[in-house]
Amino acid sequence: MSEHLMKTYARLPVTFEKGSGALLQDTEGKMYLDAVSGIAVCSLGHAHPAVAEAICAQSQTLIHTSNLYNVAKQQELADKLIELSGMDRAFFCNSGAEANETALKIAKKYGHQKGIEKPAVIVMENSFHGRTMATLSATGNPKVHEGFTPLVEGFIRVPYDNVDAIKEHSDNQNIVAILVEPVQGEGGVHVPKAGYLKELKAVCEQNNWLLMLDEIQTGIGRTGAWFAFQHEGITPDVLTLAKALGNGVPIGCCMAKGEAAEVLVPGNHGTTFGGNPLACAAGLAVIEAMRIHNHVEHVAKKGLALLENFRDRLKGLNGVVDIRGKGYMIGIQLDRPCGDLVGKALEKGLLINVTRGDTIRLLPTFVMSTEQTEQLVSQLTQLITEFLSE
């Protein structure tokens with residue numbers, strides 16, 4: 001490990017050299033089944049042929065020109081995403097945090113246009129929206145705030161999956177928007193009750209607020225729909241994407257609809273690298289591959305089966321608090337800290353993640369085979385059983 005890197009990560013003792021599909025190979029030649037997908041990024045697996053080909057072809061013609069000029073691939077990708085989502089306009093950037101920054105700037109200016117001097121946004125406890133100063137301030141985890149005060153002002157925090165707690169703020173004339181994850185990922189894979197987003201949409205319409213959905217982790221098929229909001233038949237005012245959109249190539253996107261889509265004008269916002277031809281070529285290849293192979297339908301069907309499989313295998317096991325999820329986004333919560341399981345799984349050739357200290361988070365690739373799915377369930381249930389018996 002290089003001593004010249006900032007100590008921002010507690011890295012695991014492994015270096016990967018190459019990958020294929022749901023598998024990764026380290027520098028020693030050992031193979032690993034990847035149930036993390038680069039934290040929900042490589043949904044189509046590693047070294048996907050169509051994505052690799054698109055990146056290679058684009059790199060041989062044009063990588064970057066800047067947003068001083070029209071970018072054909074950017075316009076094409078915007079058209080595809082608008083078609084899939086029902087939104088009106090798109091702004092491309094480089095990450096999920098940047099996409100959420102864009103959303104927050106839309107909310108702030110939207111408020112100022114209505115004569116609100118100090119616009120405020122309702123955000124959720126246990127949420128995660130990024131590590132820039134504004135998105136860190138919006139995040140509902142006190143640990144990520146430590147050492148970075150004073151935070152950005154203008155956020156009102158309420159419990160997740162509690163519409164009544166939001167309605168209590170209806171008289172607050174400073175509120176302009178709600179920012180929420182359809183499923184809390186970093187917060188422990190918390191799936192709200194059915195109808196939650198639909199109720200939030202109704203509250204926003206009643207109060208003239210913007211409903212802003214952070215689909216950085218849930219978007220592009222992860223929950224068994226192109227976007228998680230589609231499970232409830234609504235359309236948000238603002239939608240943010242990143243992670244799986246580029247299958248590993250950095251790209252983010254903030255989309256808006258209606259009045260929100262017209263808020264930002266030249267001079268309000270921008271990006272040097274965002275929406276460059278290379279990143280957009282990758283995004284287009286991802287969408288095309290998702291469509292050709294019906295990955296969204298696959299994730300909806302196989303994700304439910306995977307969830308039920310874990311519930312059957314771990315039924316009645318003391319120490320298992322809950323097994324929850326949607327699509328290929330699964331959390332197994334234990335009654336104790338279980339970070340040690342990450343290292344134990346690594347030794348067995350299995351890549352998993354633990355979030356919030358006590359919840360195993362699984363974000364498998366969409367291309368995981370039936371045999372690999374069985375391997376994941378068998379190995380992990382055995383590891384959990386042994387861990388809880390220690």
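The questions and answers below concern a predicted model.

Reader: In what order do the four strands of the open sheet stand, and which are the edge strands?

Author: The pairing in this four-stranded open sheet is antiparallel, in the order β11-β12-β15-β14. An edge strand pairs on one side only. That holds for β11 (320-325) and β14 (353-355).

Reader: What is the average twist from one strand to the next?

Author: The strands concerned are those of the open sheet β11-β12-β15-β14. From each strand to the next, the twist averages 25°.

Reader: At about what angle does helix α12 run to β12?

Author: Two helices lie across β11, β12 and β15. Helix α10 (residues 295-313) runs at about 170° to β11. For helix α12 (residues 370-389), the reference strand is β12, and the angle is about 15°.

Reader: Which residues make the nonpolar surface patch of about 250 Å²?

Author: One member, Val152, lies in the loop between α6 (142-145) and β6 (155-158). A residue needs over 30% relative accessible area to be part of a patch, and Val152 has 33%. The patch is made by Met133, Phe148 and Val152.

Reader: Why is Val152 classed as partly exposed?

Author: Buried means under 20% relative accessible area and exposed means over 50%, with partly exposed in between. Val152 falls in the middle class because its relative accessible area is 33%.

Terms used:
Residues numbered from 1 in each chain as written. Predicted model: local features only at pLDDT ≥ 70, side-chain atom pairs only at ≥ 80, totals over all residues. Heavy atoms only, no water. Patch = residues over 30% accessible without salt bridge, like charges linked within 9 Å, V, L, I, M, F, W, Y side chains within 5 Å. Areas by Shrake-Rupley, 256 points an atom, 1.4 Å probe, with all protein chains shown as cover. Salt bridge = Lys/Arg side-chain N within 4 Å of Asp/Glu carboxyl O. Buried < 20%, exposed > 50% of the residue type's maximum accessible area, 1.4 Å probe, protein only. Pairing = 2+ DSSP bridges. Axes fitted to C-alpha atoms, helices over the stretch in contact; angles between N-to-C directions. Contact = heavy atoms within 4.5 Å.
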